[in-house]
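Visitor: I would like to learn how to read strands, sheets and helix packing from a model. Could you take me through them slowly?

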Amino acid sequence: MGEAFPRPALVLRCLGGFAYIQLEDGRRAVARPLGRLRRQGRLVVGDRVQVIPVTMQGRDEQGQSGGTEEAIAGLPPASTAHAWPGEAPDWSRVEYAICEVEPRQHQLERPLVANIDQVLLVHPLPLDEAGAKWIDRLTVIAQQREVRPVITLSKADLATPAETSRWAKLYAEAGFPVAVTSVRSGQGAAELYQLLKGHITALAGPSGAGKTSLVNWLIPGLHLPTGELSRRTGRGRQTTREAQLLPLPGGSGWIADTPGFGALPVPIIDPYELARYFPEFGAAGSCPYPGCLHVREPACTVRAAVASGRVASVRYQHYLELLGQAQERWAHRFTHPRSSRNKEDGDA
Ligand SMILES: Nc1nc2c(ncn2[C@@H]2O[C@H](COP(=O)(O)OP(=O)(O)O)[C@@H](O)[C@H]2O)c(=O)[nH]1
Ligand SMILES: [Mg+2]
Ligand SMILES: [Zn+2]
């Protein structure tokens, strides 16, 4: 009996029109989209695809292949030569043709990855006001895209324990999963692994936050280049070039190290929906005034929770700021239909 095709695969890397894929049985190989797919647009890391061996490609291009087929004799041997980690795909050895791309559940432009279900926001300690603002904005953007935000406060060895636990507590109480890590001291490895296990996670965070260091730390044997901070600017150097999906140990999920982009485009958000992305506001209870924006409406439950300290005032202040931006964008959404990139995000 031959094997049934087409069969599903996951795109791990893309390079010059080729894709490095993993089949369901764990084998990895180089694949190339069929001509009609190439004309429809580019493949993205994280795409779920259907593949056939290149030896069957001719028939499919003529449109005679539909559904399941038996592989023909003389199938190239499985590419077990690509052992992880440190594998270097042989891009000249194309074994599969991609005949279909499944509809994407999610797509992030920055980083360019499809079908991720969570984004790990990595920000180094000590965290300042601007850093907290960045985290708050990114948690909103992720949730609006139905991607779960999880937070890692990295470089804990550079901050005092009191400072660190203050921020960790603040985000945990706001309703987000948080890990505090240091690749120097080893703190937080198990917590981080728990957050990532079973998920396809994209990393986001300013350049130099320690994202690649975390990935190297999580995946034994992996030695992706990390950037030393530039003496002159004090910022990280851009060392991560292309997105790729890397397997977590134990076959328990995937992580995409990314080209170090600080953020995604700022989306257009209905001002009345913004509060929904602040989970602790909802937990505080509902407001008597219908459509309460929690600004100056009477008997507002959220403002009462801020006053009593149940909702952190930093978070509330950032909410008000984002609300102002959302109202501005919303008012002009038809004149400026494309979301603009926020200057603060552009570190790469
Ligand atoms: N002190 C300290 N430095 C770290 C830690 N993690 C990473 N770094 C350093 O921060 C710099 C940037 O790290 P990198 O992983 O390239 O950051 P990326 O740009 O976010 O991928 C490098 O010099 C790392 O050695 C950490 O936990 N503690
Ligand atoms: Mg990096
Ligand atoms: Zn309210």
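Guide: Let us begin with pairing: two strands count as paired if DSSP finds at least two bridges between them. Helices (H or I, at least four residues) and strands (E, at least two) are DSSP runs, numbered from the N terminus. This is a predicted model, in which local features need pLDDT of at least 70 and side-chain atom pairs count only at pLDDT 80 or more, while totals for chains, interfaces and linings use all residues. Residues are numbered from 1 along each chain as its sequence is written, and chains are lettered from A and ligands numbered from 1 in the order in which they are written.

Visitor: How many bridges join β3 to β4?

Guide: In general, strands of a sheet pair through backbone hydrogen bonds, either parallel or antiparallel. Here β3 and strand β4 (residues 28-33) run antiparallel and are joined by 4 bridges, with Ala19 having Ala31 of β4 as its bridge partner. The hairpin of these strands has 4 residues between them, and Gly26 takes a positive phi near 95°.

Visitor: Which strand is joined to β3 by 6 bridges?

Guide: That is strand β2 (residues 7-15), which runs antiparallel to β3 (residues 18-23); the bridge partner of Ala9 is Leu23 in β3. The β2 and β3 hairpin has 2 residues between its strands, and Gly16 in the turn has a positive phi of about 50°.

Visitor: What is the strand order in the open sheet of 6 strands?

Guide: The order is β12-β11-β10-β13-β15-β14, with mixed pairing. The edge strands, each pairing on one side only, are β12 (178-180) and β14 (244-247). From one strand to the next the twist averages 25°, where angles run from 0 to 180 degrees between N-to-C directions and axes are lines fitted to C-alpha atoms, for helices over the stretch in contact. Within this sheet, β10 (residues 118-124) and β11 (residues 148-154) pair in the parallel sense over 7 bridges, and Leu120 has Val150 in β11 as its bridge partner.

Visitor: At what angle do the axes of α3 and α9 cross?

Guide: The axes of α3 (residues 129-144) and α9 (residues 313-331) come within 10 Å and cross at roughly 60°. Residues are in contact if their C-beta atoms, placed from the backbone, lie within 7 Å; this contact is made by Ala132, Lys133, Asp136, Arg137 and Val140 of α3 with Val314, Arg315, His318 and Leu322 of α9.

Definitions and conventions. Contact = placed C-beta atoms within 7 Å.
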